[in-house]
Amino acid sequence: MPTTAQSAQLSDTETLYLTGFTLACVTVLVRTFDGEGAPLIACLALSGMAFAATYAMIRWLGPTFIKAGLKGRDLSKVNNNHYIPECMGSICAVVYILTMIVFIPFPFFKDIVVATSGGGNRDVVMNVEFVQLGRLLHKFPHNKLASFLSAIISLHSITLLGIGDDLFDIRWRHKFFMPAFASIPLLVVYFIDFGVTSIVLPTFLQPYLGRELFDLGILYYGYMSAFSIFSPNSINILAGINGIEVSQSIVIALLLVFNDALYLLTPYPHPATDSHLFSLYFLLPFLGVSFALLIHNWYPARVFVGDTYCYFAGMVFVVVSILGHFSKTLILLLIPQIFNFVYSTPQLFGLIPCPRHRLPHFNARTGLLEPSVTTWEKDKQPRPIIAQALRLLAQFKLLRIKEDQEGRIEETSNFTLLNLWLVWRGPKREDKLAVEITVMQALLGLFGLFVRHRLALLIFREDNLNITSAV
Ligand code: UD1
Ligand code: MG
């Protein structure tokens, strides 16, 4: 009978560090009220507080989650006879959403408290009473507030879906389109506020098509909602070893932060600065809650993240990239996820049987992970064309295949990037595999950004980072 084991108490050292850190963050936050308010600093301070709150709550609420049945067994451990809390990503999502709600006034502090005569002049200083009387309300950036609120609604909806899935294990066909619903508020705001649906054509195509831009129209919205389905699910299926869901999300978020920071360093007002600032406001608290989760979910995991975290993380990326107008850049940062999805399709679409779990197989004798396999009975062989395709993949080292002496397929490795990595690199300890996949994600992402800002100049006339003040 599996037992439950989880310490809910923070140690004295942990309590000391967390309290000190929170107090430092509160002090920084309070100081931002001097002057015009510094939203980015306030956001950093709130992110620190979100980290501390998530860290403590994961510990305090672990046993409560187990009692409520939200628990799982770590399948890749020798002693996997005890339960650890599952669905801890819901704590991240809730702390995150509350943090973002508390943060709402900060980016608008200047607009609420001080009204300017335009162009950044502070010659006319109005107090908040006038704003409340409605006299300067037309100056308030309602569009930015709408972006902010629509992002929160989308994240709320996806969190509901995630928690529902963790509670009831919702079927694929029922939950598949839900993220697209969650993205509707984003698309509405995108339509009203930005509305660009054209893509820049590469310079070598322009003479033939006689134009620089190609308008995708309504298809662009289809692409964005498809993306909102893809991103959360792609993180959920690149999973199964301790820490990997969170570490890949942290790497993607850090790369996005790096990309945003590039736009902050350009001379203001750069047309893209505000949207990248918006992205930072949503990514920093995400990093705060994610690091707190990673500490508990890293090998050997003391908690599981649940589908809630994967959907929520994927949706954070969708939100910032749609409202920040860089959804194509995000694609470059999701290359391992795209590969894992494309590689998984034979199992996802039922061409090849897909077991409930495809995570790597733990060899208790060696303590190492090996590729997990799908077994084929003698009388239940794949159709000849599929068998041919499987052998071809094996020849290109894209699959491990075991055949009997009569050439019948006995087993094939499961179609996930984690298993393929083990096929390529041999059996590995769980944490080593997680580190290698995370480093690969980071390197490919950095290369993606390099392509985005440098190599793109080979086929496009300019990179938008170099556009100064087009407005
Ligand atoms: C997805 C994958 C599934 C994989 C699972 C692991 C697809 C289509 N689905 O399913 O193949 O097995 O994620 O998360 O690719 N677990 C561990 N160690 C870990 C993480 C998870 O043992 O490091 C186990 C635990 O028993 C945990 C369970 O996996 O309770 C969670 O699985 P869940 O997230 O519900 O699986 P799916 O997202 O449906
Ligand atoms: Mg999952």
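# A predicted model with two ligands

Student: Is Gln 337 buried or exposed?
Tutor: This is a predicted model, and every value here is computed from it. Gln 337 has a relative accessible area of 0%. Buried means under 20%, so Gln 337 is buried.

Student: Which helix holds Gln 337?
Tutor: Look at residues 335-348, where Gln 337 is found. That stretch is helix α16.

Student: With which side chain does Gln 337 make a polar contact?
Tutor: Setting aside neighbours within four places in sequence, Gln 337 is in contact with residues including Phe 230, Ser 234, Gln 248 and Gln 441. One of these contacts is polar, side chain to side chain, at 2.5 Å. The partner is Gln 248.

Student: Which residue puts a polar side-chain atom 2.9 Å from an oxygen atom of ligand 1?
Tutor: Leu 75 has a polar backbone atom 2.9 Å from an oxygen atom of ligand 1. Ile 241 has a backbone N or O atom at 3.5 Å from a ligand oxygen. The side-chain case is Asn 242.

Student: How much of the accessible area of ligand 1 does the protein cover?
Tutor: Start from ligand 1 on its own, with 720 Å² of accessible area. The share of it that the protein covers is 89%.

Student: Which residues coordinate the magnesium ion, ligand 2?
Tutor: One donor is an OD1 atom and the other is labelled OD.

Student: How many residues apart are Asn 236 and Asp 307?
Tutor: Asn 236 is in helix α11, and Asp 307 is in helix α14, residues 306-323. The pair links distant parts of the chain. The number of residues apart is 71.

Student: What is omega at the cis peptide bond between Tyr 299 and Pro 300?
Tutor: Pro 300 lies in the loop between α13 (273-297) and α14. The bond that joins Tyr 299 to Pro 300 is cis. Omega is about -15°.

Student: What is the phi value of Cys 87?
Tutor: Cys 87 is in the loop between β3 (82-85) and α3 (89-103). Cys 87 is buried, with a relative accessible area of 1%. Phi is positive although the residue is not glycine, with a value near 70°.

Student: Where is His 325 found, another residue with a positive phi?
Tutor: His 325 is not a glycine, yet phi is about 60°. The residue is partly exposed, at 31% relative accessible area. His 325 is found in the loop between α14 and α15 (327-333).

Student: What is the relative accessibility of Ser 76?
Tutor: Ser 76 lies in the loop between β2 and β3. Contacts beyond four places in sequence include Leu 359, Pro 360 and Glu 430. Ser 76 counts as buried, and the value is 3%.

Student: What share of the residues in the protein chain is buried?
Tutor: The chain has 19 helices and ten strands. The accessible surface is about 23,300 Å², of which 65% belongs to carbon and sulfur atoms. Of the 471 residues, the buried share is 49%.

Definitions and conventions:
Residues numbered from 1 in each chain as written. Chains lettered and ligands numbered in written order. Predicted model: local features only at pLDDT ≥ 70, side-chain atom pairs only at ≥ 80, totals over all residues. Heavy atoms only, no water. Polar contact = N/O pair within 3.5 Å; in protein donor to acceptor, adjacent residues only side chain to side chain. Areas by Shrake-Rupley, 256 points an atom, 1.4 Å probe, with all protein chains shown as cover. Donors = N, O, S within 2.8 Å, 3.2 Å for Na, K, Ca; no water. Helix = DSSP H or I, 4+ residues; strand = E, 2+ residues; numbered from the N terminus. Buried < 20%, exposed > 50% of the residue type's maximum accessible area, 1.4 Å probe, protein only. Contact = heavy atoms within 4.5 Å.
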